[in-house]
Structure formats: C-alpha cells, structure tokens
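Morning, everyone. One model today, and a few minutes on how the chain is packed. Have a look first.

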Amino acid sequence: MPGTLFVVATPIGNLEDLSFRALRTLREVDVIAAEDTRRTSKLLAHYEIRKSMVSLHEHNEHREAPRLAARLERGESIALVTDAGTPGISDPGAHLVHLARERGVPVSPIPGPSAVMAALSVSGFPAGQFVFLGFPPRSGSARRAWFTRAQAEPSVIVLFEAPHRVMKTLSEVVIVCAERPIQIHRELSKINEQLVIYTNKSGGDAVKELGEFVIVVGTAVSTDEYRDDATALATAVEMFGCMTKSGSFDEAAAVALTSKALELSEQEVRKAVKKHKIAENQRRQSLP
C-alpha cells in the first residue's frame, strides 16, 4: 500500500496557530518535505519534534518530486510544508501533489493558516467572490498584462508583494484601481502586524517596507454610488461587523477604518451601525 502525502498548513507568523491535527501529523509522518528546512526547523524545535526533512522548493521541485513520489509508493508518509501558510498557494508543492495523484497516492489536506483568508476575514469587504492574483510579475509585458487584468476585475482582489517592491506595486494599484478602497496588511498574525488603509484620494499612512505584505482591493463602487445609495450604509454596517466580531478592532477603530475605506463620514457610519443594532434588538424581542 502506498503512503499518504499530507499537505500541511503551517503558521504565517504566530506559532500558536498550528492546529492540533497538523501537530500530530508532523510528529507521525516518516519525512517532512519543506520549502526551507531552516525555517521549518524553528517550528519543529518549538514543538520539540525531531523529524527527517527534505528540501523541496521552486528551484528543485521538478527534480525532487519524483524521488518523493517513489518513497510514497513504497509506503512512506510525507508531510509537505512551506515557509508559512498553505502549500501550493503562491508556494511550491503543486507538482508533487500532481505527481502523487497520477501515481495513485492518497493526498490529504491538513487545513489551517492562510494569509489570503486571514486578510479577507478582517478586510470588511464583502468577499463572497474574490480573485487571488498572487505576486505581480516583476517587470515587462507580463507585469503590464497583470495590471490590465486587475483593472478589469470587478471582484475583491487579493495579492502578495515583497517588501522591496511593495511601494512600486502599490503606486500602480492605486492608479489602475481608482475609486476602489485598498488595504495593505503587513506581518499578519505577528507582533508587528499593521493595517494601512489607502483610497484613490487620501493615500494612507506610511507603509514600513519590512515583512510580508497582503494587499486587498475592494469592489469597484464609486463614491457617488456609496453616497446616493442605501447599499453604502449596508456595506458600512457589514464592514464594521466583520472588524469587531473578529476581535481585531474595537468599535472606535472599526468606525474610523470603515469611514476611510468607504469615504463616508464617521458620523454616517456610527448612525448606520446604531440603527442596525436597534433593528436587531427589536427583531430579537419579537421572537417567541
């Protein structure tokens, strides 16, 4: 019988975010295929796990994946991990997973941390539909095509960027995504976690060019539509609720961020939230 390839999500910052199931899997597998064995060693050391590791990164995956697939066919179990988050999401691992499936090897996801979902969950943007565009190409026609696609995309957009390119990319995002609220999430779940709100008019606070960045672009709704349509206030209430229910923001901060993101006054946001709370209380009281 072949072994199992476990695709294990690991913390994007705070080591306490490793799930019990992921922890048990890392302890039980025969070998761990890691994007960077040095970084994974720190995670394993934190949980006092001693396990054989094999390096599997973007530059050697096509060479190493067949060797790992052969070990799986012989009955060994392997945990695939990347530096942080869920493997295969702008990280190596897809080729090994594809090869394992081709050979009839069971592949089991061990879900957990994801920078994409973490940023969306605290963005306050309605994200029933969203598009993840990964890292923008560094230059040339591929980069121009990438921004052309982003400009035409009406849904919420999530992208990653490296610290030394974040300001360049942000300046281009602001241009092509005019009239759309933009959030920059830096060092999610880490001690230096920072959220910066940008709009097409106001810019935003300084972004420290250190760490990991997730940029979230809200839906394409104009300021006039926000101000003239009751949908604007409904969106404000929804954003406020997402921020406060997650525990990431107190009410004052949530009001300020919602106001800035939607270009509404803080008074308008507070009034809409208060009206919503009164309506909810009346609804609950009317229930049998």
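Of the 288 residues in the protein chain, 45% count as buried, meaning under 20% relative accessible area with a 1.4 Å probe, protein chains only. Keep in mind that this is a predicted model: local features need pLDDT of at least 70, side-chain atom pairs count only at pLDDT 80 or more, and totals for chains, interfaces and linings use all residues. Residues are numbered from 1 along each chain as its sequence is written, and side-chain values use heavy atoms, with hydrogens and water left out.

Now the fold. The protein chain has 11 helices and 10 strands; these are DSSP runs, H or I of at least four residues for helices, E of at least two for strands, numbered from the N terminus. Take contacts, heavy atoms within 4.5 Å, between residues at least 6 apart in sequence: 69% join residues at least 24 apart.

Next, the interior. A nonpolar core here is a set of buried Ala, Val, Leu, Ile, Met, Phe, Trp, Tyr and Cys residues joined through side-chain atoms within 4.5 Å. The largest one has 27 residues. Which residues have the most contacts inside it? Val-214 and Val-216. Elements that each supply at least two residues of this core include β7 (156-161), β10 (213-217) and α9 (231-245). Apart from it lies another core, of 20 residues, with Leu-133, Leu-170, Val-173 and Ile-182 among them.

Back to Val-216. Leaving out residues up to four places away in sequence, Val-216 touches residues including Ala-119, Leu-120, Phe-125, Val-158 and Ile-182.

Methods: Buried < 20%, exposed > 50% of the residue type's maximum accessible area, 1.4 Å probe, protein only.
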